[in-house]
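Please keep the model open beside the text and look up each residue as it is named.

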Amino acid sequence: METELLAELRSVKHRVPHLAGGLVASVDGLLVAHDTHGTEPSGLAAMTAASLSLAQRLADTTGQGEFRESLVRGENGYVAVYAAGGSCVLTLLAHPEVNVGRLHLEARRSAQRIAGMLNEALLPKDPRDAL
């Protein structure tokens, strides 16, 4: 599973110019897979969970529905967080030159693929295993 997730992280990095790296984390902050260089991935996974909790409450309180994504723009680039199913998030780090529209387009697709991989991993391989 981690190999497939890492391949997806590298694939989105290849498709989005100026993407610095990314990770997949559980909603409670546990690191699942990462392709980050120069950023401590476990700490970033924990911070992602904390920001996710706040973003979920903000969306709910304002009547915007379930969390889908958030974008933080800093002086030196972007941190983008996307829901990847109900149990994980995709966090991407981008340089300031990134095309934000392209980032959203590719990241949303990637988050859907990651959610599918995670769902598939949770399903029994043989229908008899479900018994």
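1. Terms first. Two strands pair if DSSP finds at least two bridges between them, and helices (H or I, at least four residues) and strands (E, at least two residues) are DSSP runs that are numbered from the N terminus. The model is a predicted one, in which local features need pLDDT of at least 70 and side-chain atom pairs count only at pLDDT 80 or more, while totals for chains, interfaces and linings use all residues. Residues are numbered from 1 along each chain as its sequence is written, and side-chain values use heavy atoms, with hydrogens and water left out.

2. Strands E1 and E2 form a hairpin with four residues between them, and Gly29 in the turn has a positive phi of about 95°. E1 (residues 19-26) and E2 (residues 31-35) run antiparallel and are joined by four bridges, with Val24 standing opposite Ala33 of E2. Seven of the eight residues of E1 are buried, where buried means under 20% relative accessible area, exposed means over 50%, and partly exposed lies in between (1.4 Å probe, protein chains only).

3. Ser26 lies in strand E1 and counts as buried at 12% relative accessibility. Contact here means heavy atoms within 4.5 Å; leaving aside neighbours within four places in sequence, Ser26 is in contact with Val32, Ser87 and Cys88. Val27 is in the loop between E1 and E2 and, at 35% relative accessibility, counts as partly exposed. With neighbours within four places again left aside, the contacts of Val27 are Ala49, Leu52, Gly86, Ser87, Cys88 and Val89. The C-alpha atoms of Val27 and Ser51 are 10 Å apart in space, and the two residues are 24 apart in sequence.

4. Strand E5 and its partners. What do the neighbouring strands do with E5? E1 is joined to E5 (residues 88-94) by seven bridges in the antiparallel sense, and E4 and E5 also pair antiparallel over seven bridges. Ala94 in E5 is the bridge partner of Leu19, and Ala94 is likewise the bridge partner of Tyr78. In the hairpin of E4 and E5, which has three residues between the strands, Gly85 takes a positive phi near 80°.

5. The two sides of E5. In a regular strand the side chains alternate between the two faces of the sheet. Cys88, Leu90, Leu92 and Ala94 point one way from E5, whereas Val89, Thr91 and Leu93 point the other way, and all of them are buried. Because seven of the seven residues of E5 are buried, this strand is largely enclosed by the rest of the structure.

6. His18 lies in the loop between helix H1 (2-15) and E1; although His18 is not a glycine, its phi is positive, at about 75°, and with a relative accessible area of 39% His18 is partly exposed. Val98 is in the loop between E5 and H3 and is buried, with a relative accessible area of 6%. Leaving aside neighbours within four places in sequence, Val98 is in contact with Val16, Pro17, His18, Tyr78 and Leu103. The C-alpha atoms of Val98 and Pro17 are separated by 6.4 Å, and these residues are 81 apart along the chain.

7. With neighbours within four places in sequence left aside, Ser110 is in contact with Glu8, Val12, Arg15 and Leu90.
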